[in-house]
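Notebook open, model loaded. I am going through the charged pairs today.

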Number of protein chains: 2
Amino acid sequence: MLTYNLSKSNRLPMYEQLYRNIRDDILSGKIKGESKLPSKRELAAHLCVSKVTVEAAYSLLVAEGYVYSLEKKGYYVESNLTSEYSKNNHQQTAENNIKKEYIVDLASNTVPPDKFPFNRWSGIMRKICLDYKQELLSPLPYNGALCLRKAISGYLYEYRGIAVKEDNIIIGAGAEYLYSTVIKALNCKGKIAVEDPTYHKIINSYKSDGLDVRMLEMDKNGVMPDFLYKADCDVIHISPAHNFPTGIVTTPKRRQDILNWLYQNENRYIIEDDFDSELRFGVNPVSSIYSLDKSGRVIYINSFSKTIAPSVRIAYCILPDEISEKYKHLFEKSGCTVSSFEQYTLAEFISKGYFERHINRNRKYYKTLRNRLIDIYNSSAINAKSSLIDSAAGLHFLLKIETALSDKDLKNQLDKFGIKATFYSDYCSDKNKKEHILLVNYSGLSENKFKIALDKLNKLI
Amino acid sequence: MLTYNLSKSNRLPMYEQLYRNIRDDILSGKIKGESKLPSKRELAAHLCVSKVTVEAAYSLLVAEGYVYSLEKKGYYVESNLTSEYSKNNHQQTAENNIKKEYIVDLASNTVPPDKFPFNRWSGIMRKICLDYKQELLSPLPYNGALCLRKAISGYLYEYRGIAVKEDNIIIGAGAEYLYSTVIKALNCKGKIAVEDPTYHKIINSYKSDGLDVRMLEMDKNGVMPDFLYKADCDVIHISPAHNFPTGIVTTPKRRQDILNWLYQNENRYIIEDDFDSELRFGVNPVSSIYSLDKSGRVIYINSFSKTIAPSVRIAYCILPDEISEKYKHLFEKSGCTVSSFEQYTLAEFISKGYFERHINRNRKYYKTLRNRLIDIYNSSAINAKSSLIDSAAGLHFLLKIETALSDKDLKNQLDKFGIKATFYSDYCSDKNKKEHILLVNYSGLSENKFKIALDKLNKLI
């Protein structure tokens, strides 16, 4: 007979305790499928509880689908309920969550912990918790907290020369979220064109929105005008300030070509992805297409995930007036996707000047790190068999390698050594590029690990 | 001649200072469009700076589109740049952000500040800031932090009787974000059916995804089976635990009808929105359709925005194995939309038992508040001309009012008195319902304000 230790002093009512005990035993397989439960009277007597308690527990088990009752026969356990899953393996880590540990990771950009102002950030968070109680408990408008939009507007004006009303700024949970909502506001259906190469996640994001994603070929000046027309798309997504991974900065002349394409048809739109524009070394910030445009059909998107920390999922876009109205119409009744705690924290972080200081400090740190790593490369043996492509922007540089191996083989070989690597071809539509260009994502890379990687690579090729 | 106070001790280079000064004067209208700038030589002499400095500033102004140059003629200011927007009005609040202040707000649910454990939450945040540095600076997997998925899995098992592997849980920035990604994983195109009545934002969310949203009529037992078939949709979105705003709980028999509909065709899916299921007063939690289903085609969605605070934008969904794979395939390369700070904070808040205590405390508080307000209603004059519909769940109750006025008129009249109200008909596809049912969203409502609202309402009808 089922035996459980039910207690009146437990915070749960007796029937609930009984219900949970039986349920757990069914799920763990202790009570087998199709087995008959004791009659209510029997079990009540056995457990020294009232029949009402057993009745209530059995009713719940039936309602929850663990047990079925047959009239005049009794209660039976449903079959196929025993899952591998039981209370005991509850705390086990799912296997596919265990990531392979690499000795050197050239493929990811992590931020060294001392490069993030944790004390400042948590101090502001605490202050927000104390000062903003009522605001934190009220829903935010669809476009985000006014104070954050103001702070961003002020920042853009001061440091990017972009004048924008806070009403035209939309705060969203990451750039990809905004890609997805912006194309809805643009009523973009069917197809979109993006730079070739570019981030996978940009392509994936648009694909998952059901769009056919076409590629815009680039030369050293930016997207080639011919391809703008060949792609035959009304909406294009580009990063004129800094293509990933090539680092190509679109030239002023080419920017004008792109704007000319835009002006030729009023159904055309440009989504300008300005990520990483803050992390430039020695080069002036480039003017945004958004501020050059006179048609009101350029949407500007940027994010704080790169400049602050990947864990801060706050991106924003600037919408020209007309699109801003359409966006409002579509999303006004939706909640903003970023929690207000972080919006208020970031607003204070920016408006008190901490963000600018943080960027300047990191820019200096990364510039020094980059130069040290490039020095190491220059004096390494592999230097003779490769060349450096440095765009003086972003958190990676490129090494063009002379080798007979394919990128795929190179990657597999490096993987065996415990080195995680990505290549230029990973981001191109043509995966069989003849050039072999390795990405060195260096933000979390130590000099020693870089030496190890260069040494292994040298032995391979 | 343009006169600016440029300083070598400024953190900005001289040319940048000059550039900003001129730019600001152009934007503010001090320098008019089409006016000619002084020659480089002249301005350099006037400001006692080198010609190189002026050259660099003018180049930037040209690059940014503020100024154009005519060969052999000089530099001219672009026209139409003077925006209403200038540095001075930068801090002004945009007018349409000023919300009307209501004396009584029956339409919104705010959380009283003392009902949120600010100290506990900020204490955990601080701890996370100190203990999780490296984790906070590394990107999270697409489906969210493992520790939060584990905490949710444990919570669901303990308190909702739902056994689920943490790999099948997806964390997202709000329920609407998940609606949108889930239908992509289901490859749901063309149409979807939702309950009538329901939240606007559910309908809007699916509409903005390009879907035709069809309505499922309900009776007191839940969605009527006939309408499941009439709607002719493969995917339905329902809240069997608690329809909004009626509070209808779908009966066990009706749940079976809905499951039968599901089982008839393997292309059919149910999105089960279990919001508010934690806030029930005196009624047992109802079993979820997700746990009754044997086909693996029910997706469970819930959110912490209602149970913790609207500012915490964390929702989650549970995907059956097959859909989980499809979701992974689509979104694996995307970042998770919720910042890791909050994920780690919430994980600790749940796993340390604070969440359960918070829910229990609030449930008790809201139950008492609800009963007090209902007592006030029962002893008010309007009692004779109306009746209470109380579903003993959620943060609102309903008053059915006898009146010759339309809901629209009632709302406008109340608005004039400074009372914000919504009606049942606001959430129905048929806006001309003959019944007049007022929603009383009470979570932030004081007894006094409720008395004022009832009094005004009584005078109106």
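Does Arg149(B) count as buried or exposed, and at what relative accessibility? I looked it up: at 0% relative accessibility, Arg149(B) is buried. My cut-offs are under 20% relative accessible area for buried, over 50% for exposed and in between for partly exposed (1.4 Å probe, protein chains only).

I note that this is a predicted model, where local features need pLDDT of at least 70, side-chain atom pairs count only at pLDDT 80 or more, and totals for chains, interfaces and linings use all residues. Side-chain values use heavy atoms, without hydrogens and water, residues are numbered from 1 along each chain as its sequence is written, and chains are lettered from A and ligands numbered from 1 in the order in which they are written.

Next I checked the partner. Arg149(B) makes a salt bridge (a side-chain nitrogen of Lys or Arg within 4 Å of a carboxyl oxygen of Asp or Glu) with Asp167(B), and their closest N and O atoms are 3.6 Å apart. Arg149(B) sits in helix α6 (residues 146–160) of chain B and Asp167(B) in the loop between α6 and β4 (169–172), so the pair ties together parts 18 residues apart in sequence. I took helices (H or I, at least four residues) and strands (E, at least two) as DSSP runs, numbered from the N terminus. Asp167(B) is buried at 18% relative accessible area.

I then moved to helix α1 (residues 14–28) of chain B, where Glu16(B) and Arg20(B) are 4 residues apart, about one helical turn. Their salt bridge has its closest N and O atoms 3.0 Å apart. Both residues are buried.

Asp212(A) is partly exposed at 35%, and Arg214(A) is partly exposed at 28%.

Last, I logged a salt-bridge network of Lys127(A), Asp131(A), Glu348(A) and Lys352(A). The count over all chains is 43 salt bridges.
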